[in-house]
Amino acid sequence: MSGFWQGETLLAQGTREAGGMLNIGYRRKLTDKLSLNITGRDVLNSFSNDTVYETPQFRERFEQDIRLRAFYIGLSYSFGSGPRRQPEQFDFSTSPTGG
């Protein structure tokens, strides 16, 4: 699960208000080579972008309600020839021999 949250941002002639979205993901290994992936973007459908411009001559409020909600389902298959090589293991328990 991940989220994106942006606080209020100061612009040259105004501000961009705070906003955010929630993304989730799930991965399940079905076999050694096959995995199921499920992801959701902006699952709360809450992403928006509101900007306020304010000068001595005018004031403008620009609101965008962006509908980014999307869900994806996919399968991943590994075409590798076999299991990955294990990293080398070092034995630090023995002291070096001296002469």
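Y26 lies in strand 4, where strands (E, at least two residues) are DSSP runs numbered from the N terminus. The model is predicted, so local features need pLDDT of at least 70 and side-chain atom pairs count only at pLDDT 80 or more, while totals for chains, interfaces and linings use all residues. Residues are numbered from 1 along each chain as its sequence is written, and side-chain values use heavy atoms, with hydrogens and water left out.

**Surroundings of Y26**

- Y26 counts as partly exposed because its relative accessible area is 45%, the class between buried (under 20%) and exposed (over 50%), with a 1.4 Å probe and protein chains only.
- Together with I38 and I73, Y26 forms a nonpolar patch on the surface, and the three have about 330 Å² of accessible area together.
- Such patches are made of residues with over 30% relative accessible area and no salt bridge; nonpolar side chains (Val, Leu, Ile, Met, Phe, Trp, Tyr) are joined within 5 Å, and like charges within 9 Å.

**Overall make-up**

- The protein chain has eight strands and zero helices; a helix would be a DSSP run of H or I with at least four residues.
- Of its 99 residues, 16% count as buried.
- The accessible surface of the protein chain comes to about 8600 Å², and 53% of this belongs to carbon and sulfur atoms; the areas come from the Shrake-Rupley method with a 1.4 Å probe, and for residues only the protein chains shown count as cover.
- Among contacts (heavy atoms within 4.5 Å) in the protein chain with a separation of 6 or more, residues 24 or more positions apart account for 45%.

**Strand pairing**

- Strand 4 (residues 19-29) and strand 5 (residues 34-41) pair in the antiparallel sense over six bridges; pairing requires that DSSP finds at least two bridges between two strands.
- A hairpin of four residues joins strand 4 to strand 5, and R28 has L36 in strand 5 as its bridge partner.
- Strand 6 (residues 48-54) and strand 7 (residues 59-65) run antiparallel and are joined by seven bridges.
- Strand 6 and strand 7 also form a hairpin with four residues between them, and S48 has D65 in strand 7 as its bridge partner.

**The loop residue Q13**

- Q13 is found in the loop between strand 2 (9-11) and strand 3 (14-16), and counts as partly exposed because its relative accessibility is 44%.
- Leaving aside neighbours within four places in sequence, Q13 is in contact with V52, Y53, E54 and T55.
- The C-alpha atoms of Q13 and R59 are separated by 9.7 Å, although the two residues are 46 apart along the chain.

**Salt bridges**

- The whole structure contains four salt bridges, each a side-chain nitrogen of Lys or Arg within 4 Å of a carboxyl oxygen of Asp or Glu.
- In one of them, E54 meets R59 with the closest N and O atoms 3.7 Å apart; R59 is exposed, its relative accessible area being 56%.
- D32 forms a salt bridge with K29 at 3.9 Å between the closest N and O atoms, and both residues are exposed.
- R61 and E63 meet in a salt bridge of 2.7 Å, N to O, and salt bridges that share partners join D50, R61 and E63 into one network.

**Aromatic pair**

- The structure holds one aromatic pair, a pair being rings of Phe, Tyr and Trp (its six-membered ring) with centres within 6.5 Å; planes under 30 degrees apart count as stacked, over 60 as edge-to-face and the rest as tilted.
- The pair is edge-to-face because the planes of the Y77 and F79 rings stand at 70°, with their centres 5.0 Å apart.
- Y77 is partly exposed at 46% relative accessible area, whereas F79 is exposed at 75%.
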